[in-house]
Amino acid sequence: MDQDPADTAVELDVPVDPNAPQTGPQTGPKTHAEAFRLRKDVVLGEATDEAKLIRFVEGPGGVVVPDLARKLPGRGIWVGADRASVTLAAKKGLFSRSAKTKLSAPADLADQVEALLAKRVLDGLGLARRAGNIISGFEKVAAALNSGKTAWLIEASDGADDGRRKMLTAVYKAPNSPRILGMFTSDELGLALGGENVIHTALLAGRGTDRWTLDVERLSGFRPLLPPTWSASWREEP
């Protein structure tokens, strides 16, 4: 019989020590720097790269609070960055078990995490714009793709199909194919980037792009990178 994840949940908000006694075959980190990125996922009961986890802490009144920036005081409780894991942790009482005290996990905790991550990703685009790493407009984005310096192509989820198809052709021809994001509407992108009718956007490779990408990857555990209504070609590797 499979073991209930709650029975193996162990809270760990400290680095996994690579010098600790080990049993069984090892596939873990080979350096201390790598080891310091590992946290115990309370759902899986396994040490996992913290970039793939969400940190939670005990908030006022014993309510579980997401800590996306990993800066809130208190001992962290780490859960996989996906809706199923957060929902299971709340349902199975893993937050209380890990903290060894009674905690209350809101029924909409996964929705809270999704909303906070979405805001973090959009705010990150605003910072990239101010740093000069954002290009908007069909012709400018197509030129950026052709330069091979584009890390992400960001398409408004409600943009016209014809323009999106033409942009996909530009992606196929690009010397370095970017990753593609289409989970935000034109209005959402416009608010983040300080413009109107923002449909086609390119995020250039540069300082901060890797960190922003990690936030997008965490958010992808709660909503798809591309709308399901888009054609299958957009979900295939260029």
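In this predicted model, the side chains of Asp161 and Arg164 meet in a salt bridge, 2.4 Å from N to O. The two residues sit 3 apart in helix α7, residues 161-173, so about one helical turn separates them. Asp161 is partly exposed, at 45% relative accessible area, whereas Arg164 is buried, at 6%.

Glu155 is buried yet has no salt bridge; Arg164 is the nearest side chain of opposite charge, and it is 5.6 Å away. What Glu155 does have is a polar contact of 2.7 Å with the side chain of His200.

The structure holds 14 salt bridges. One of them joins Arg70 and Glu50 at 3.6 Å. Arg70 is in the loop between β4 and β5, and Glu50 in the loop between β2 and β3, so the pair ties together parts 20 residues apart in sequence. Arg70 is partly exposed at 29%, and Glu50 is buried at 15%.

Next, Arg83 and Asp111, a salt bridge of 2.9 Å. This pair links helix α3 to helix α5, across 28 residues. Arg83 is partly exposed at 28%, as is Asp111 at 43%.

Last, the second largest pocket, with about 280 Å³ of space. Of its 15 lining residues, those closest to the centre are Gly124, Leu127, Gly208, Arg211 and Trp212. Helix α5 gives the largest share of the lining, 6 residues, and α9 supplies at least two. By class, the lining has 6 nonpolar, 4 polar and 5 charged residues.

Conventions. Residues numbered from 1 in each chain as written. Predicted model: local features only at pLDDT ≥ 70, side-chain atom pairs only at ≥ 80, totals over all residues. Heavy atoms only, no water. 1 Å grid on protein atoms, 1.4 Å probe; cavity = no way out; pocket = protein on both sides within 12 Å on 5 of 7 lines; lining within 4 Å. Points joined across faces, edges and corners; volume = space filled by probe spheres on them. Helix = DSSP H or I, 4+ residues; strand = E, 2+ residues; numbered from the N terminus. Nonpolar A, V, L, I, M, F, W, Y, C, P; charged D, E, K, R; others polar. Buried < 20%, exposed > 50% of the residue type's maximum accessible area, 1.4 Å probe, protein only. Lys, Arg positive; Asp, Glu negative; His and termini not counted. Salt bridge = Lys/Arg side-chain N within 4 Å of Asp/Glu carboxyl O. Polar contact = N/O pair within 3.5 Å; in protein donor to acceptor, adjacent residues only side chain to side chain.
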